[in-house]
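Here is a walk through a predicted model.

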Amino acid sequence: MIEINNINKAFTNGITALKNFSLTVQRKEVVVIIGPSGSGKSTLLKCLNGLEEIDEGSIVIDGIPLDHQKKNRLEIRKEVGMVFQSFNLFPHMTVMENINLAQMVVRKKSAAQAQETTMELLTKVDIASKAGSYPAQLSGGQQQRVAIARALAMMPKVMLFDEATSALDPEMIGEVLDVMKNLAKEGMTMIVVTHEMGFAKEAGDRIVFMADGEIVEQGTSEKFFNNPEKERTKQFLSQIF
Amino acid sequence: MTCIRSFLRGSLLISQKKRVNKLNLESVSRCLTSFIIKQDKGCIINRKRYISIVFAWIKYLFTVLLLLCLINKGAESLGYNWQWYRIPKYLFSFDNGIFQAGPLLKGLLVTFQITSISLVLCIIFGFITAMMRLSDSFAARTLARAYLEIIRNTPLLIQIFFIYFVISPVIEIEAFTSAVLALSLFEGAYASEIFRAGIVSIDKNQWDASYSLGISKFHTYRYIVIPQAFERVLPPLTGQIVSLIKDSALVSTIAIYDLTMQGRAIISKTFLTFEVWFTVALIYLVITASASMVANMLEKRMKYENG
């Protein structure tokens, strides 16, 4: 489903974010990426849908190569949904309009069709009553659930979560994680960058531990948390737990 | 020594006097406060505001009075003979009960025509230039930059003359068109900087969110960036509209009978210098002030609900 081959990424200020990074993700797999901050996790996600350009290497998603062709890039973005740490809802639009927009502009749906999908998704993330509200009127957890619904409205084949719960108050983390767990159960292919180890253990098929732009260790969640091999991993886990 | 001593004593006296003044002011304000409190049943938040508003008005009226006195005195010393009663007929008159616009109102109409057409063009020029400056094309950026630098670093009066005396004979346009062109090119340059700042001020996260949904650059501008930028841009843009109205007075130099030119014509006939310029200035003031008010209302209405 996703093939990442030897990608390199350095920022203009000279900081290397990703070093010869390779990763393959199967269909319906939930890959959880953990690691200390500054290890290139968010950059990796942004490279996957072309929000950041890679310097070297190749990314192929569902058979489409992510290259300099505009068409391919847009095609990949249609198939890859993304949820951000800071929600990034469009503040000048209601919840309904936020979710309708891409369906109508990109998928060329009619307003009625888009609205139908939107209401279905809002029901799914349990926030249908807020369809007419503006983002600023919602709590953080509600905003993030709307953001997930917005990404799902494009019927993506892959979902990327970039620290989706990091900006939330503790009591709101649960409601967002529940939505994510349900998605995983339904068989969505997901790459999740998170600090929520509970989620990683419960929903992650595979855990990838990153440090300094490289994969240090990866494995099934059971093996990773119970029998880590590398010293760096043990050190990281001991700091968390 | 004695000199210094007397000086010190003097300053002491003054400071004491000041203290007395201060005391007086305080007692006055206390009086006012107690009065307002009685009215307001002890609303503490409003008390201070009332006092500051009352004082602001007193200061304001005092300043206006002072100015009027000064003007009157100046006119007296010049031996100026005020003839306000002659002004209304230059604004409008009733011929057999039918409304007739006087030269000043006719001039105002021309000013309106020029500014409204220039405003539309100025926004178009400004928007195109802003998009050119933000585009990926080097040629477009350079072109926009050159236009901005030329317009912003030469006087508007020279630009008007240049277009009227140099360009208009070549491409055969009238004085009115030259005036509109000069004004809209000039204000467009400034408007473009306002637009650009508004667009740049939109958070990068909004772009990321839009792109991640597969929305193209064009549609991101159209649905996400420009609607949000427009709201931020509205207040400074109003300032630009006000300058456009004021700058339009300069077109009177190329024989366009706008408000300013009509004023000059009346003065040369009647020598009512003070009255006419006061009237003309007041008319400009009313227009620009109402433009600001309309913009304020728009701004309030457009503010999306912020929780």
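Lys46(A) and Asp208(B) form a salt bridge. Their closest N and O atoms lie 3.2 Å apart. How many salt bridges are there between chain B and chain A? The count is one.

Now look at the side of chain B that touches chain A. Helix H8 (204–212) and helix H9 (217–247) of chain B each supply at least two of its residues. The largest share comes from H8(B), with eight residues. By type, this side of chain B divides into eight nonpolar, ten polar and three charged residues.

Step back to the whole contact. Chain A puts in 26 residues and chain B 21 residues. About 2100 Å² is buried between the two chains. Carbon and sulfur atoms give 66% of that area.

Next, turn to chain A itself. Helix H1 (residues 41–48) of chain A lies across strands E1 (2–10), E2 and E4 of that chain. H1(A) runs at about 120° to E1(A).

These strands belong to an open sheet of four strands in chain A, in the order E2-E1-E4-E5, with antiparallel pairing. Strand E2 (16–25) and strand E5 (64–65) of chain A each have a single partner strand, so they stand at the edges, with one side of each left without a neighbour in the sheet. Strand E4 (residues 56–61) of chain A pairs with E5(A) over two bridges, in the antiparallel sense. Ile61(A) stands opposite Ile64(A), which is in E5(A).

Technical notes
Residues are numbered from 1 along each chain as its sequence is written. Chains are lettered from A and ligands numbered from 1 in the order in which they are written. This is a predicted model: local features need pLDDT of at least 70, side-chain atom pairs count only at pLDDT 80 or more; totals for chains, interfaces and linings use all residues. Side-chain values use heavy atoms; hydrogens and water are left out. Two strands pair if DSSP finds at least two bridges between them. Contact means heavy atoms within 4.5 Å. Axes are lines fitted to C-alpha atoms, for helices over the stretch in contact, and angles run from 0 to 180 degrees between N-to-C directions. Buried area is the accessible area (1.4 Å probe) that two parts lose on being put together, summed over both. A salt bridge is a side-chain nitrogen of Lys or Arg within 4 Å of a carboxyl oxygen of Asp or Glu. Ala, Val, Leu, Ile, Met, Phe, Trp, Tyr, Cys and Pro count as nonpolar, Asp, Glu, Lys and Arg as charged, and the others, Gly among them, as polar.
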